[in-house]
Amino acid sequence: MVAAPTGVEEATRLRGIVAGVTYWAWDGLTEDPHPLRWDESRREADEAWVPVLTPAGPGVLVWANSD
């Protein structure tokens, strides 16, 4: 586990990357797109995952790790 980004530029970049991912929320009748948000209250991240907030609650965004 790695600490979350500490620099302003790094944190801004991560927010933008995470917000670029759409989460489709369904309320039983309709589906609506929502951007994910980086969960900055969970001060942890890794090169392969980052904690996020979705309309359905907390989650984890994962992607392929180069290692």
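Predicted model: local features only at pLDDT ≥ 70, side-chain atom pairs only at ≥ 80, totals over all residues.
Tyrosine 23 stands opposite histidine 34 in strand E2.

Strand E1 and strand E2 pair in the antiparallel sense, over five bridges. Together E1 and E2 form a hairpin, with four residues between them. In the turn sits glycine 28, whose phi is positive, about 100 degrees.

Here are the strands with their residue ranges:

| Strand | Residues |
|---|---|
| E1 | residues 22-26 |
| E2 | residues 31-35 |
| E3 | 37-38 |
| E4 | 49-54 |
| E5 | 57-62 |

Now turn to helix H1, residues 8-19.

Which residues of H1 are buried? They are Ala11, Leu14 and Val18. Seen down the axis of H1, the buried residues fall within an arc of 60 degrees, so they line one face of the helix. On the other side of H1, Val8, Glu9 and Arg13 are exposed.

What do the buried residues of H1 pack against? Their partners are strands E3, E4 and E5.

The largest nonpolar core has nine residues: Ala11, Leu14, Val18, Leu36, Trp38, Ala45, Val50, Val52 and Leu61. H1 and E4 are the elements that give two or more residues to this core, and the largest share, three residues, comes from H1. In soluble globular proteins, nonpolar side chains tend to be buried together.

Methods: Residues numbered from 1 in each chain as written. Heavy atoms only, no water. Buried < 20%, exposed > 50% of the residue type's maximum accessible area, 1.4 Å probe, protein only. Arc of directions from axis to C-beta. Contact = heavy atoms within 4.5 Å. Core = buried A, V, L, I, M, F, W, Y, C linked by side-chain atoms within 4.5 Å. Pairing = 2+ DSSP bridges.
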